[in-house]
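Good morning, colleagues. Please look at the sequence and the structure as I put them up.

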Amino acid sequence: ATIKIGLLAPLTGPASADGQEYQRGAQMAVDELNAAGGFNGDTFELVVGDVKDQSAGNVTSAVERLLGDPDVHFMLTGYASLTNFEIDTMAEAEMPYVLAATSAQTRDIIAPDPDKYNCCWSWTPSFDAYNTDVTYFVEKLAADGKLKLSDKKVAIISSDNAYSKTISEGMKKTFSEKGWTLTVDEMVPFGEVTDWRPILAKVRENPPDVVINTDYLSGNSASFLNQFLEQPTNSLVFLQYAPSVPEFVELTKSNSNGVVYNLLGGPLFSPKNPRADEVAKKFKDKYGVESGTYGLALYEIVNVYHDALKKVGDASDHEAIMKAIGETDKQVVAGRLKFDPTTHLAMQGDDYIPITFFQIWDGQRTLISPAAYASGEYKQQPWMK
Amino acid sequence: MSGLLEITNLTAGYGRIDVLHDLTMTIGAHGNVGLFGPNGHGKTTLLRAISGLVKARSGSIRFGGADIANQTPRSIVGLGLVHSSQGNRLFPDLTIGECLALGAYTPRARAQEEANRERALKIFPKLGERWNQKVRTLSGGERQMVSIGTALMSNPAMLILDEPTLGLAPKVKEELCRAVLDISAGGIPLVVVEQDVEFLLELSQHLYLVNHGQVAAEIKPGQTMGHADIMALYFGQ
Amino acid sequence: MPLLEVESVSKAFGSLKALDKVSFKVEPGEIFGIAGPNGSGKSTLFNVITGIPFGPDSGRIVFDGVEIQRKAGHKIAWLGLARTFQRETSFDKLTVFENVLVSGAYGKPNRSPEEERAGALEALDIVGLPRSRHGRLAEELSVFDRKCLMLATAVAMQPKMLLLDEPASGLTRPEIETSIGLIRRIADLGVTIVLIEHVLTFLMSLSQHLLVLNQGEVLTIGNPKDVIADARVIEAYLGTRKAAV
Amino acid sequence: MKADLRATPGRVSWKNEAALVVTAFAVLALTPFIVTDSYSRHILIMAFIYAVVASNWDLSLGYGGVFNFGHLALFGIGVYAYGLMTKLAGIDPWLAMALSGAVSTIAAIVVTIPILRLKGIYIILVTFGFAQLVMQLILSQSDYTGGTQGMVRIQTLYLAGHNMIRDGKFAYFYIALAILFASTVFLRLLVRSKTGASIVALRDNEEYAVSRGISLVRQRVITLAASAFFTGVAGAFYAAYQRNASVDVFGMSLATIILSMVLLGGTSTIYGAIGASFVLTIFAEVMADFGAWRPIITALLIIVVMLVYPSGLAGIWASARASWLRRREG
Amino acid sequence: MDAALQILFGGLFQGSLFAMMAVGLALIWTTIGVFNFSHGVMMMLGAYVAWQLSAWSIPLFIVLPATMLIMAGVGWLLQASVVRPLIGRPNIVLVVVITTLAAASLVENGVLEIWGPRSKQLPTLIEGNTQILGVGVSMHQIAIILITPVILGALWLFLNRTRLGLALRAVAQNEDASLLVGLNVTALYGLAFAIAAALAALAGIFMGGYRFMSPVMGADPLLKALIVVVFGGLSSISGPIFAAYLIGFFEAICSYYFGLYWTPALLFAVLILMLMIKPEGLFGAKTRGLA
Ligand SMILES: Nc1ncnc2c1ncn2[C@@H]1O[C@H](COP(=O)(O)OP(=O)(O)OP(=O)(O)O)[C@@H](O)[C@H]1O
Ligand SMILES: Nc1ncnc2c1ncn2[C@@H]1O[C@H](COP(=O)(O)OP(=O)(O)OP(=O)(O)O)[C@@H](O)[C@H]1O
Ligand SMILES: [Mg+2]
Ligand SMILES: [Mg+2]
């Protein structure tokens, strides 16, 4: 028999680059498991539900299709919908489900009644660290003498989507609590932004110490950087998420030198966590391209399921599988994975999944914080004086 | 006996329906040709088949010796067989000047553009006055003038006019009649479809009555034919 | 009291004066002819009277005691003023019957559905469109039938006045004869008719008054026989030979 | 001969049409007993929703000739109206569904104002802009609408004594079918009435129609308002069924799909749009395993159908019927 | 002063991109009377073709004309397959909407299959940045700002001052009449699409060197082009060209003073208002035909 694993992924439409990566990561894990003899003589099979443009109708159709297949015993996704509303459906169908989507929404759905949602667990830890840690990071650089702050000014640019907006709001709060002034506070509509010039003009009018853009679309982020560098100010540039996407470096080439970004739940490339390098290498060998966050994450999620299955012994015992997944405690590419029983999110912190800061140099991503895992140090960004 | 334009056993139509059935006609042997007959019986279709706008399903059309059945309209115009079509809406968003310029699009006409323009403007001086007005805004009669003017710009070797007097004031009609006769006297045979019988009789000596997609009667020059006889033909169908 | 009074109406397109201070009156029950060279403003005159697509720039138009020069087109229609257009026009994707039904229903509101249907059938009978063609789409009709249909839609509105723009153009002799009879029949129903036409026989045999426009101005107005004998009319409009008709 | 004062010559008779519609819906009503899995039922429910939206769009686009590219905004307004009314105001879901239809209708009337003087293709821009403005409005009120995060856990519909969540979508199926039935009957009654004829008349020739006493303003308002009500109800149902609302209902991709349904089905038939909604929805699901090939194959199919039958599925139907009649006669 | 210059550059640059896209769309509308909803994917495909050629290390000065030629061919093919067969059928405007939308989906997903979903970038036309009056701009943008008016001017001259251009403008208005004056209707339709596709490809190359490319990159520019064309009026191509720059400047000004976020809403509000006042588009001629 086969044990089917259902993957929700946008294979077509604007997010298809991520969708393809989910599929590759999950497929890699399934192939490995099967090569190792499957499970009790059963083989695994990955079935994909295309959520297309991620609209509610398309997500529901994909979910229903996979739920309708009696051999599907586990489902996973990077992110399937904007709202993660499918968690409710999974709960009703008693389908074990692990997702990596924005954790704020996941928490909002699960936290009021965690027992109702034993099905569903989030690979992504709470995003709270995104809100606070950039401030801490910058102030620490200043304290260490690696960064000169003139008068604690920050420019924050955000995009009108749940992810970017929540983070930028949090950042604004933390920065102002720490006595910073906001020189630019701009939001762009979600979607392609061709011209950042008007916003950059404002940035240049009153050069801040730190420039932050939380728009996570790699193309937007890349063109922001390129346009910033047409006439840079003496500011530290921090970009949310986008630089972690492999093609970011291709799009910006040498402009990306020095850029700083951070990640929660991304691969923790460090001698202390060899697994990240190992899985990333496997991925690159198999597909010829580097994986971003999601390829590796989905690979790991399949393995988390496999561990639970081994523990339970029976794929059709969803109840037990859900429980076993919830009890996971293992070292994964992102750090130590353990779920918080009150929110069902992965736990966050230096001992669990840390928030990691990276700096890009010559296309290489150097882990510069937290110190415990760091493989290099922050170096002054080339345009700064 | 042969003419400039020989149509033999022509069948043509639209969709599933044949409009012309096995129609045979000779044009040019006895001077200008006039076609008449009740509405909707295929006169326009015949002209459209001649100029290649409608496919000939069977039969042949020979113009000056060459078979032009199912040639492209472009090559037919290139031979000088020029058709001013019925109720022509022309190019609504072009100006009169541009319309006339387009008339002289074929290489054949391009050489004579100047002369032809002068000729057209002489017949319809109004076109010159309104040179830059868009066709869309012209009155019905004015549009008709542009339509005929454009045909003249194509430097015809044979001129086909489908209801040229439609909507024209009597005086303009008269002037048109005179002008067209002038043109034909210059060696350009005419094929005219017209409901105004006086006008038709004045222009052409050789008449065909087209009825049910066939030639129902032919009146050759020698045969005298009064207005009353034609009326009788109409009503007697 | 005249049914239609046009007072000093003007309409310009840019520098072109399509109508220049045109005034005339139409008495109830008569057939009133309008002639004039191409582009003299005849169709434009109909346009400004009916407000479709535009009213006059200046001047006053009184229909049946109501000033209409600023009224919207459909409201003018409701007053009982119907028109036809120079090219055959129809609602192509409606059947013949629906063409007439909808015109009657909206052109003369406040009737019961039965009256509307009966009125539509009557209008079709008047113009002589046989039952067998009532179910055909309007676009499938021949030119003459389309002209008849356009007339039927106007008749179905049970108008007080009917403006006809070149109803005979493109028709064969027999069809012209038929049309003359048809228009007489409509006039006999008590409908006042204003008629634009270039086919002189048609115009002459029908109209009781004749107005000739030239370059947007009234050239002359009066008894048809006198009008076409007028030297200015011959010069501007008729040309030499046709004057004899 | 005394004329039958009720028959409309050249059109299918009332009686025949009613018989056909009732039969078709009766067949549909039996399907849940044949397809028992909730996935197939879900697909049918989606097809019903799309059918409502597409066929109502056919009223304004096909019959009215109004290039209303904001039609999906009317759907989206239904979605959010339902979500807000049930969530914030605590209005009863069934009532909220009807009210959502009313809200969409009002929105349609509002959007008619700027397009009254516009013709053809120019209407696209304004109606599209309207959709964008509505979306901006929803996004900007994120305290109520959830902004880009959307609204989740919207109140579902209920039936006393029946658990709608664990019945394998049985109840939702019939509710969706009922909405489609009501909408179809409403649309067909409308387009066959004299109001329907006046809408077509305006489309075919505006100036001629006005000269026959048809008011452009009034009929255009009626057209858009009539096409909005069931669209809004369908939006409300969609929100209740999916239990969430997000602004992607305003996006181009849903609009493109529904537009394909209207045009593939053949405009000005109502039934064509409904048929095409079924065909495209089911087809897309059958092809779900083809990944990027699915849209490629779908696109090819649409192109081929439109090239051979520019009047869409309705054209196929018509020519099949014609050849059947010919064979029967010949 | 800085801000004014930024706005000036932003407006010119965006305007150039809009114009390059819009003009092809307008050309197809004025010649064939249909809206080509695959215009956006023509742009996208152009960028990918150029990318592929560059990936084979063909130098840019060959890539540019080669891509435009290839895309002209593709444009021709597109009209021959999904537009030309429909000419003269009822409802053509709507039917072409759907066939070109389908063709767009076909191409978009085909590109997804061939080149994959990940973003790519084209080489810039000219490397590097420069300072003009203290404002930094990339040479690539300057190149675009300078090249576009030249090309648009050439196109305008071609359409308005040559016989072929006249034929191109005439052909859609009345197919029968076109045939009767001896126009090669098929070739002219093909030519219109070919020119439009080549211009779209050029816009794609501009875009791909400036930002990034992905299979869905055409959607937004298509929308913008549509807005520009309707806003500018459909009766000529100079209307849309002016409108493109106008909207470019409008956006630059708005996004500076009101933020990028409100710009789309403001733009639509202004457009709706403008159309209410002038229903035939800003530069459209007010011509109403007689019935
Ligand atoms: N495009 C078309 N498609 C289908 N049928 C057509 C088409 N054009 C004309 N017909 C039909 O062909 C027949 C002949 O039409 P045609 O125009 O040739 O007649 P005609 O003698 O020129 O009449 P008229 O005097 O009215 O111009 C008519 O019955 C008409 O309905
Ligand atoms: N919208 C418009 N824009 C510019 N000029 C126009 C417009 N409509 C009509 N005209 C001009 O106004 C004049 C009067 O036109 P109108 O249609 O009234 O003439 P008419 O007397 O009906 O002529 P015909 O007998 O040829 O039909 C014409 O010269 C015409 O070119
Ligand atoms: Mg004819
Ligand atoms: Mg006139």
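What pLDDT does chain A average? This is a predicted model, in which local features need pLDDT of at least 70, side-chain atom pairs count only at pLDDT 80 or more, and totals for chains, interfaces and linings use all residues. Residues are numbered from 1 along each chain as its sequence is written, chains are lettered from A and ligands numbered from 1 in the order in which they are written, and side-chain values use heavy atoms, leaving out hydrogens and water.

The average for chain A is 92, and 100% of the residues score at least 70; pLDDT is the predictor's confidence in each residue, from 0 to 100. Within chain A, the lowest mean, 87, belongs to helix H9 (residues 247–252), and the highest, 97, to strand S4 (residues 97–99). Helices (H or I, at least four residues) and strands (E, at least two) are DSSP runs, numbered from the N terminus.

I turn to chain B. Its open sheet of six strands is ordered S6-S7-S8-S3-S9-S10, with mixed pairing, where two strands pair if DSSP finds at least two bridges between them. Strands S6 (81–84) and S10 (214–219) of chain B each have a single partner strand, so one side of each is left without a neighbour in the sheet. S7 (residues 158–162) and S8 (residues 190–193) of chain B pair in the parallel sense over four bridges; B:Asp162 has B:Val193 in S8(B) as its bridge partner.

Finally, chain C: UniProt, in an unreviewed entry, places the feature "domain: ABC transporter" at residues 4–240; such annotations may be inferred rather than shown by experiment, and positions are given in the numbering used here, with feature names shortened. That span of chain C is 39% helix and 25% strand, its end C-alpha atoms lying 33 Å apart.
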